[in-house]
Amino acid sequence: MRPPILLLKEGTEDSQGKSQLLSNITACQAVVEAIRTTLGPRGMDKLIVDSRGTATISNDGATIMKISDIIHPAAKILVDIAKSQDAEVGDGTTSVVLLAGEFLKQVKPYVEEGVHPRIIIKALRKGLKIAQDRIDQIAYKMKFNNDEEYRTFLQKCAATALNSKLIHQEKDFFSKIAVDAVLLLDELLPLNMIGIKKVQGGGLQDSQLITGVSFKKTFSYAGFEMQPKHYKSPKIALLNIELELKAERSNAEVRVNTVEEFQKVVDTEWNILYEKLEHIYKSGAQVVLSKLPIGDVATQYFADRDMFCAGRVVDEDLKRTMKACGGVIVATTYDLNDSVLGKCESFEEKQIGGDRFNIFSGCPNAKACTIILRGGGEHLLDETERSLHDAIMIVRRTVKNDSIVAGGGAIEMELSKVLRDYSRSIAGKEQLIVAAIAKSLEIIPRQLCDNAGFDATNILNKLRQKHAQGGEAFGVDINREHVVDNFENCVWEPVIIKKNALAAAIEAACLVLSVDQTIKNPKSGGGEEQQQGRGRGRPM
């Protein structure tokens, strides 16, 4: 008898064939079940508590997937596509996970019956191409007579994105802020030039958009209140220097024989600090920002000379100020001149809620803005920030690609009709798979109805009838439990959201289907036994 051949380490889990493929599909379906109720304007929120006890309330698909700490290797694919959709487009993260899970659910019976995964993958990719071609055909490219029409169009796209968020009641207010923020940027539309700051207290309507760079006042020493709080056309020094007397190290030793020698050591330290401060003063800078601390001596020195200073400025805020106002972040006070100093039209310190903010306006190098969010609680502010980020991403994408389609499940029903008609024109196994894709696309309008408490079967039958009669923009009317032309109803979505979501969902489904073996190695070190040893002071 031949001895068995061991290829893998003892304890390695090895599963292959149809059973492990079905197991992977089931894991993906479990993820979909967890977030399907968050879709749409009537979607529910999830309360997630992480290992540190931090609670997050959100209905944003990408946020839920990131925090959930999913460990199943196949289900992690859905986490990745939600993240990529969020990074690329900003919205449609729940939709992309739902579509991928539904594609897998609909083709699962064919896997069980023995249809080869490669045939299914080929049909999925063919269905994707047909769907994207149809989206291009029915996409509407907007034409505008003036800037006001263009701005209104962008606000409607942002409002559609905010419809499904916690702050949907304030969607008109926040869609205007999102559009104004994006249109303040230069033609490259850099997202990092829009700062979002949160201040607890007040209502959502107290939120405001500030043209220019703004950040919360940092910790300050005595003498700060004597500094001016408003400048016209100031020069700005951006430093990475510590401007305070350093405390002696606990294990340091300095041997001196006389009091005079000790005084020399102290005087030298003060002279080094005063030399730095004098260089900054002589450079002509009126506003001094540093990433490192600015001590009480330096604060008083600047106050006596009518200069403003702020230490411990967050790195992100300092870099945003540099990009907007010009200048260079320097690590020495020597050679401080106009070429390394920033400029802006005005600087002021302003009280907003319970916090003070430093505001730089009229930045010459780059157009920048800061959104200051107000709200009652931390969870509300966090969710408002996530919602506003999605709206800003949608507006950015719409500015670059101004083609739109009707939302509210309308485009999915139209694609479902097209694919169902195509499936009837082909023969073989592909016909069944394409028909399954057509059925999968109906998950979006069906889930919108379920989440709103409507009769999904009745609404979907009406939608199929309308689309069969040529009503390609008909979708779910959330307000009246009926169907409506969502193009006329101003429920618009940029084409790129739908194309990106479809492509990502199909690729994720293909990736799961193409895996025929899962090898899970045992945890290295053998668990607790490895920890018993000399390295931790334990006896052998």
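I began with the largest cavity and listed its lining: Ser95, Leu99, Ile135, Ile411, Glu412, Leu415, Leu441, Lys498, Ala501 and Leu502. The model I am working from is a predicted one. I put the volume of this largest cavity at about 70 Å³. Helix 4, helix 12 and helix 16 each give at least two residues to its lining. Sorted by class, that lining holds seven nonpolar, one polar and two charged residues.

I then asked how many cavities of 30 Å³ or more there are. The count is three. The second largest cavity has about 40 Å³ of space. I noted Phe219, Ser220, Tyr221, Phe224, Ile294, Thr299, Cys309, Ala310 and Gly311 as the residues lining the second largest cavity. Six of these lining residues are nonpolar and three are polar, with no charged residue in the set.

Next I looked up the open spaces. The largest pocket has a volume of about 730 Å³. I found 44 residues in its lining, with Gly40, Pro41, Thr160, Asn163 and Ser164 nearest the centre. The elements that each supply two or more residues to this lining are helix 4 (93–112), helix 6 (147–162), helix 14 (443–452), strand 18 (474–477), strand 20 (492–494) and helix 16 (495–513). Which element gives the largest share of the lining of the largest pocket? Helix 6 does, with five residues. By class I recorded 16 nonpolar, 18 polar and 10 charged residues for the lining of the largest pocket.

The second largest pocket holds about 380 Å³ of space. It is lined by 21 residues, and Ile194, Ile196, Glu316, Glu385 and His389 are the closest to its centre. Two or more lining residues come from each of helix 2 (61–67), strand 5 (194–200), helix 10 (315–325) and helix 11 (378–400). Helix 11 gives the most to the lining of the second largest pocket, namely five residues. The classes in this lining are six nonpolar, four polar and 11 charged.

I went back to helix 14, one of the elements listed for the largest pocket. Is helix 14 mostly covered or mostly open? Helix 14 is mostly covered, as seven of its 10 residues are buried. I wrote these down as Ile443, Ile444, Pro445, Gln447, Leu448, Cys449 and Asn451. The cover over the buried residues of helix 14 includes helix 4, helix 12 (410–423), helix 13 (429–441), helix 15 (456–468) and strand 18. After helix 14 comes glycine 453, with a positive phi near 85°.

Arginine 446 is also in helix 14. I asked why arginine 446 counts as partly exposed. Setting aside neighbours within four places in sequence, I found arginine 446 in contact with Ala456, Thr457, Leu460 and Arg464. I also checked arginine 446 against lysine 264, 182 residues apart along the chain, and their C-alpha atoms are separated by 81 Å.

**Asparagine 24**

I looked up asparagine 24, which sits in helix 1 (residues 18–35). Is asparagine 24 buried or exposed? Asparagine 24 counts as buried because its relative accessibility is 7%, and the buried class is anything under 20%. Beyond its neighbours within four places in sequence, asparagine 24 is in contact with His72, Ala74, Val512, Val515 and Thr518.

My last entry is on an open sheet of three strands, ordered 4-17-20 with antiparallel pairing. Strand 4 (140–141) and strand 20 are the edge strands, and each pairs on one side only. Strand 4 and strand 17 (residues 403–406) run antiparallel and are joined by two bridges. Which residue of strand 17 is the bridge partner of lysine 141? I found serine 403 in that place. Helix 16 packs on the sheet and touches strand 17 and strand 20. The direction of helix 16 makes about 65° with that of strand 20.

Conventions. Residues numbered from 1 in each chain as written. Predicted model: local features only at pLDDT ≥ 70, side-chain atom pairs only at ≥ 80, totals over all residues. Heavy atoms only, no water. 1 Å grid on protein atoms, 1.4 Å probe; cavity = no way out; pocket = protein on both sides within 12 Å on 5 of 7 lines; lining within 4 Å. Points joined across faces, edges and corners; volume = space filled by probe spheres on them. Helix = DSSP H or I, 4+ residues; strand = E, 2+ residues; numbered from the N terminus. Nonpolar A, V, L, I, M, F, W, Y, C, P; charged D, E, K, R; others polar. Buried < 20%, exposed > 50% of the residue type's maximum accessible area, 1.4 Å probe, protein only. Contact = heavy atoms within 4.5 Å. Pairing = 2+ DSSP bridges. Axes fitted to C-alpha atoms, helices over the stretch in contact; angles between N-to-C directions.
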